[in-house]
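Hi,

Here is the structure I promised to pass on to you. Have a look at it first, and then read my notes below.

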Amino acid sequence: MSRYFTQDHEWVDVDGDIGTVGISEYAQSQLGDVVFVDVPEAGKTLSKGDEAAVVESVKAASDVYSPVSGTVNEGNAALTDDSSLVNSDAEAAGWFFKLTLSDPSELDSLMDEAAYAAFVEGL
Amino acid sequence: MSINQSGWRPTSPEANTGNVPASVTGNKALMLEEALIFEIGDAHSTGVDFAAPSPPRGEGRGEGKPSNAAPGTAPHPTLSPKGRGLSRLGNLSRTAPIGLPGLSEPETVRHYTRLSRQNYGIDLGFFPLGSCTMKHNPRLNEKMARLPGFSDVHPLQPVDTVQGALEVIHQLAHWLVTLTGMTSVAMSPKAGAHGELCGILAIRAALEAKGEGARKIILVPESAHGTNPATAAFAGYSVEDIPATAEGRVDTAALKARLGPDVAGVMITNPNTCGLFERDMREISDAVHAAGGFVYCDGANFNAIVGRVRPGDLGIDAMHINLHKTFSTPHGGGGPGSGPVVFSEALTPYAPLPFVENQDGQFVLVEEETAGEHHAGSFGRMVAFHGQMGMFTRALTYILSHGADGLRQVSEDAVLNANYILRSLDDTLDAPFGPSGPCMHEALFSDSGLAAGFSTIDIAKGLIDEGFHPMTMYFPLVVHGAMLVEPTETESKAALDQFIAALRSVAERAKAGDPSLKTAPHFAPRARLDETLAARKPVLVWKDPAPLAQAAE
Amino acid sequence: MRYLPLTQPDREAMLAVIGASTIDDLFVDVPEAARLDGPIRELPMHASEMAVERHMSALAKKNLTAGEAPFFLGCGAYKHHVPASVDHLIQRGEFLTAYTPYQPEIAQGTLQMLFEFQTQVARLLGTDVANASMYDGSTACWEAIVMARRITKRGRAILSSGLHPHYVSVANTMAKFTGDVLDTAAPELVADMDLDQLIGKIDDETSCVVVQYPDILGRIADLRPLADACHAKKALLIAVVTEPVALGAITSPGEMDADIVVGEGQSLGVGLQFGGPYVGLFGCKDKYVRQMPGRLCGETVDANGRRGFVLTLSTREQHIRREKATSNICTNSGLCALAFSIHMTLLGEAGLRQLAEVNHAGAVSAAERLSQIPGVELVNDSFFNEFTLKLPVEARPVVRTLADRGILAGVSLGRLYPGQDALANGLVVAVTETTTAEDVETLASELQEILA
């Protein structure tokens, strides 16, 4: 399984043709306390770069873009009850949604962990 | 001599030398805690008495008489139509309790008086909330609005019986049109944002009438109020940002480059939210017109230029005026506002209904019924009835008090006060657009130079402890940690000097990293409130521990 | 000038600090051509408090007030007695001259009041939650229609013929621009509301049905079958209440399973004010709260664990979401909401019920008396404090004639529905606790004389 990052601070873990998407530790640290997350419903078709989810702090609402194209399998129901998971565990339990990739070649344009770390360093 | 027997032997007071225990009540002398009405009221108490209804036609009112209305008897909190035979409630008589607590009049007066004392208001002190224009609210305005001839007339009375009310609307309209150098005004919008919608709908109606409905883009500067893009989107437009220049103004070149056959118009705030006059406004208007679009001006900051500049001279097509900002109607803890919109000749035919016309000395209300005769292009009605009459009487009272000369002095003093603050503090705080020249009615600072971990909010909360309402914070978005200070013209130099000293002191503490600032305010009725908790688990209504409903039975 | 504290020496000292020689130097960014060289000449100069009071009083005297005439107008604005303490309390400077509570530590007064208001409104309307108020009933009604579109993702709304025509007109105006499709109709002068017709129109494209309760003619109907029919098609039921006092006597729309209930709160605390400012009420079921427009106040604690209140869920709002906001509204009707809430606290459950009872009883006897006039017919089977009479002639000239005789007789349907001949003889009459038996008798005898 390998992990990819976007310049908009989403991450996607890919296992076969199934991707799990979330926002990076850096992104959550910039949000403040997350108070609400709106995740996509199963069956929704997303193109790379589409607005897929919304994450809200008290004073900001941010769109989360899909790092790759595909069809949503499930949104993370745990976030509905406890949105603070995004703060406490952004890159694991705080995942947003899983999708079936329709074009795995899109992954080639994303950053790996080291490249993303360098990218954040430069911000 | 006779001995003092009371035991009270007056002496000089002793200074406080140690810790004082908290009071049992939680009160602090004049600062009194107050529970919710749901905790102190009940279903049986009331602060209103009802007389027994007087009998009609000189006889008993018979079966129509309420069963429990005799004076002196405790009211029964359920309406019981059975046996009265005359209820016409269609079998929908209320059977369940509503759950509304009541209080006697003295308890009510005390409840709201205590609540009021937990609020900061202009009457109490300096309230420099940028872009919100917290100026003194003259009490003559309140007195005039309460004249029964204005406050106790129904909007659907025959127009012959409300000629004075219509004349107020007409007189205020005349002032607004003249002060802005425009052609007409729509009086009905209920607030500034509603006025924005009015202006944008008129633009869309005008474009559609010209067969140019395909224009789908509204250009909005990054520094705009959030209402601008929200309004444009609501009216069916896509919003595109226009960048700002380094000196805090609209990037005219970028704006012109974006104009084209898909652009319906621009929404520009002038003076803008950085407190600067848009020097190129005329040039921008001309370019937008040449490209077939319209110019909407957000008039939120008209108070900076009233009497000195007429927006009509800058090529504006539509502009709303917040009567509570420029013309001193009270903010009331968040409304009601009033947002009349002035229009250019090009947009006048599309203005909304209703409006007041003087036809041979008779004031007439032009509504759907008669609009067809000479106002068929109107985009329609935005509200029931005719607008915020109570605000019109207040604004007209204010305008007549100041007159043309006083209003000019208003904008001069507002701008003078803001520049005084800007130049008195730009050695302590970063003023990102200070080098751009004078500001208009508000001074903008950033959080640059504060100690690590300190932000604008810490300065704001520190100012609360100093007895001031904080400035607007984190707006406009184009400046990091923005602090927008708008003193208005109704502050004395002494008040400004005290504020300047306080803000300087708090800013120095923030630059030095004084940890006590992180827990400010310390002297307010509450410490910082947990907004995260409020948003994660919203509690929006009171839930009775033991429902009132049951208590009432 | 009495509202300006700066003295001339102050101004000069301040200019010196700024480094400007004259005030004109501060307006250098205004292009020369746009600068006015002095006060606008067509307008008068400043005036004393006494002179302004004289001017305004003269204008006020040109109006016939509700208090000086037998008065029977309703249709969305009602004359009720407002206790003296209401106006005293809302004029306390800490309420009157405060702003939106953006700094909650020094705005707990406004915030606690809003929390109490929200609870009072939710209980009155029978909804789970309510917001901190809207501009007025008509704009609240349109916002509810848009909210139903967001929830159902359908754009077709059915408006009852009994909905206030101004509310319909507002919705029609907005729908022209948003592309919502509205099914509207004018009412008929018949005893019952059009619920069966509405039920028949609901289909899989319907976002919502909007029904006024009591309706524009004063009629009342059980909304439960309509709610069931809406829900069967996954549409929402929106109920509009223009006379909240009625809910002291009749079952609330929320109790009959309406999804969104909006209203005009003017009846309590606010007064007639020639149409504004009023206060829009807006409540809904819990599950829709994130789609709600307008401000919301919520309970929380401060850093020391003490209960306090804040504005919350503001990510729905324009200052954060900008073009993605649920609405462009950035204000509520704060001071009118305060007046409503104080009046409601003074009444309480017992007082509101009794107020409603007095209103209804007065209306029942007035309806009885007026329908005894030869040729005059009572349209309604059911009503609260407002009912419709069918006159043997057009009602509008009759209302004007009665106004000439110092009687404000009601709202003619010709005024509300110009050009609709079938409605021209309709007269909507409202009776509240302010209406005396003598008022009714005066109206009855004068009306009888005119019709004779």
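Let's start in chain C, where helix 9 (residues 224-232) lies across strand 4 (206-212) and strand 5, running at about 145° to strand 5. Helices (H or I, at least four residues) and strands (E, at least two) are DSSP runs, numbered from the N terminus. Angles run from 0 to 180 degrees between N-to-C directions, with axes fitted as lines to C-alpha atoms, for helices over the stretch in contact; contact means C-beta atoms, placed from the backbone, within 7 Å.

This is a predicted model, in which local features need pLDDT of at least 70 and side-chain atom pairs count only at pLDDT 80 or more, while totals for chains, interfaces and linings use all residues. Residues are numbered from 1 along each chain as its sequence is written, and chains are lettered from A and ligands numbered from 1 in the order in which they are written.

In chain C, seven strands form an open sheet with mixed pairing, in the order 1-7-6-5-4-2-3. Its edge strands, strand 1 (129-130) and strand 3 (181-183) of chain C, each pair on one side only; pairing takes at least two DSSP bridges between two strands. Helix 7 (residues 165-178) of chain C also packs on the sheet, touching strands 2, 3 and 5.

Now find helix 12 (residues 389-425) of chain B, which bends by about 95° at B:G403. The bend is the angle between axes fitted to the seven residues ending there and the seven starting there. Helix 12 of chain B is largely enclosed by the rest of the structure, because 34 of its 37 residues are buried (20 or more other C-beta atoms within 10 Å of their own, with C-beta atoms placed from the backbone).

Enjoy exploring!

How values were computed: Buried ≥ 20, exposed ≤ 12 C-beta atoms within 10 Å, placed from the backbone. Contact = placed C-beta atoms within 7 Å.
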